[in-house]
Amino acid sequence: MSVALPELMGEFAISASIAQWITTAFMLTMAVVIPITGFLLTRLPLRTVFLIAMASFLLGTLVAGLAPTFLVLVLGRVIQAVGTAIMMPLLFTTVLNVVPAHRRGRTMGVISIVIAVAPATGPTIGGVILDALNWRWMFWIMLPIAALALILGATMIRNVTETRRLPLDVLSVVLSALGFAGLVFGLSSIGSAAEGNALIAPWIPLGIGIVALAVFTWRQLSLRDHALLDVRVFKTPTFTLSLAMMAIGMMGMFGTLIVLPIYLQQILGLSAKDTGLMLLPGGLLMGVMGLIVGRLFDRFGARPLVVPGSAVLAVALWGMTTLSAESSQGTIIAWHMLLNAGLSFMFSPLMTAALGSLPRRLYSHGSAILSTIQQVAGAAGTAVFITVMTTATLAGAQSGAEPMGALMTGIHNAMIWGAVIALVAFAGSFFVKSVPADEEPDAVAHSAAPAPETTPVH
């Protein structure tokens, strides 16, 4: 949908800070729903969870395709996101239960294609569709694909997980929703506040989100084995550091994906189709690298891959700060391919190291937390990139710069922000560790397990 932002802005007469909610609302909904998936995967059979996820995605696709207003379009994306939010932890948990430890690297390499290549190649598909049809066809074309997936899943998926009765703590659900929604909404509101049309002061939702997440964390620790989301996984250093690195990578990727199409279309004057084609080589490279990096992880572990990957990521984002209205298309493609190459060396090794460091009983919770952080980081990256761009653009316009020059200044500042956080990722990469391929996850992360209970003898 990123390449459709300019068209949506024109058709619905909205600004970039409003249009970004087509992406932010999707990721925000995922961040709110994903924490519940740990409960769903424990309480319901795998096949049932899959059917709920695909039915929701199918319904959301239909609503979005029929949307008469931007608000209804966002609603359709939200319904889609509910299904996607359930699907991602379901995927991780299934793989961890059925794939041997020594093959997880290459399997996670395939999963990294799903997570990273889809948004990377999506703009190309969207651009081709927009060049011949309107934005609604993005959903009409998806509709039969989603229906086919639902039918195949209903007939072929088997239950490979064990279920048990687990009470749903409603207060935890509410606190989780308030926390993650408050953070992302607050970040997104900063851009609207700069334009003077924010619904509420950004510090209010940000404050509510921080407090709600603090109380949520305290409640999960007090609930222990009945927690909605078992935060004791953060007692495992490998899991925590790998997750932080994943968050930085997601912020850089989604922030770039939202700003780069605006630069290509509004500064260079390219069509949606040409914009998509320019982003295609990077997406294809990430697809090829996902399989290669997964095999390298099974052989060498995470750190030898993550260190050079984060270095390449930083170089690529700093290179993008040099883009201007005179930059050649070849230069832009080269920087984008370098960015995706760096991310390829980070995503699957970090996911495998993080989840592989947990005991089996925490797989569903670790998967849910990893997926939650990915979406929150993606939404935050999108929100902050747009916020920085909008604020700098307005400042440039107020200082007397012509519109294109002011927008270019905003894009430049957004890329600088991304480049700075990439340096943080590079510094952290030297501390990443990975679980040996032949070591069973149940044998590690004992610090995350509760002490055994004993019954006193009188």
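# Reading a helical chain

User: Is Ala 13 buried or exposed?

Analyst: Ala 13 counts as exposed, at 70% relative accessibility. The cut-offs are these: buried means under 20% relative accessible area, exposed over 50%, and partly exposed in between, with a 1.4 Å probe and protein chains only. This is a predicted model, in which local features need pLDDT of at least 70, side-chain atom pairs count only at pLDDT 80 or more, and totals for chains, interfaces and linings use all residues. Residues are numbered from 1 along each chain as its sequence is written, and side-chain values use heavy atoms, with hydrogens and water left out.

User: Where is Ala 13 placed, and what is its phi?

Analyst: Most residues other than glycine have a negative phi. Ala 13 has a phi near 55°, a positive value in a residue other than glycine. Ala 13 sits in the loop between α1 (5–12) and α2 (16–19).

User: How many helices and strands does the chain have?

Analyst: Helices (H or I, at least four residues) and strands (E, at least two) are DSSP runs, numbered from the N terminus. Here the chain has 15 helices and zero strands.

User: How do I read burial and contacts over the chain?

Analyst: Of the 458 residues in the chain, 55% are buried. Contact means heavy atoms within 4.5 Å. Taking contacts between residues at least 6 apart in sequence, 82% join residues at least 24 apart.

User: How many residues are in the largest nonpolar core?

Analyst: A nonpolar core is a set of buried Ala, Val, Leu, Ile, Met, Phe, Trp, Tyr and Cys residues joined through side-chain atoms within 4.5 Å. The largest one in this model has 129 residues, and Leu 73 and Tyr 263 have the most contacts inside it. Helix α10 (residues 237–267) gives the largest share of this core, 18 residues. Setting aside neighbours within four places in sequence, Leu 73 touches Leu 8, Phe 12, Ile 22, Ala 64, Ala 67, Trp 135 and Phe 139.

User: Is Gln 80 buried or exposed?

Analyst: Gln 80 is buried, with a relative accessible area of 3%. It belongs to helix α5 (residues 70–98). Apart from neighbours within four places in sequence, Gln 80 contacts Phe 26, Ser 56, Phe 57, Gly 60, Thr 61 and Phe 139.

User: How is the packing of α12 and α15 read?

Analyst: Axes are lines fitted to C-alpha atoms, for helices over the stretch in contact, and angles run from 0 to 180 degrees between N-to-C directions. Helix α12 (residues 303–320) and helix α15 (residues 403–429) pack at about 160°, with axes 8 Å apart. Angles under 35 degrees count as roughly parallel, over 145 as roughly antiparallel, 65 to 115 as roughly perpendicular and the rest as oblique. The pair α12 and α15 is therefore roughly antiparallel. A crossing is left-handed if the near helix is turned anticlockwise from the far one by less than a right angle, and right-handed if clockwise. The crossing of α12 with α15 is left-handed. By class, their contact has 15 nonpolar, three polar and one charged residues. For these classes, Ala, Val, Leu, Ile, Met, Phe, Trp, Tyr, Cys and Pro count as nonpolar, Asp, Glu, Lys and Arg as charged, and the others, Gly among them, as polar.

User: How does α14 cross α15, left-handed or right-handed?

Analyst: The crossing of α14 and α15 is right-handed. The axes of helix α14 (residues 363–398) and α15 come within 7 Å and cross at roughly 145°. Their contact divides into twelve nonpolar, six polar and no charged residues.

User: At what angle do the axes of α10 and α15 cross?

Analyst: They cross at roughly 160° and come within 10 Å. Helices α10 and α15 are therefore roughly antiparallel, and α10 passes α15 in a left-handed crossing. The residues of this contact divide into 18 nonpolar, five polar and no charged.

User: What does Gly 252 touch?

Analyst: Gly 252 lies in helix α10 and is buried, with a relative accessible area of 2%. Leaving aside neighbours within four places in sequence, it contacts Phe 385 and Ile 421. Gly 252 and Ala 422 are 170 residues apart in sequence and 7.4 Å apart in space, C-alpha to C-alpha.

User: Where does Ile 262 lie?

Analyst: Ile 262 also lies in helix α10, and at 2% relative accessibility it counts as buried. Not counting residues up to four places away in sequence, Ile 262 touches Ile 267, Ile 386 and Met 389.
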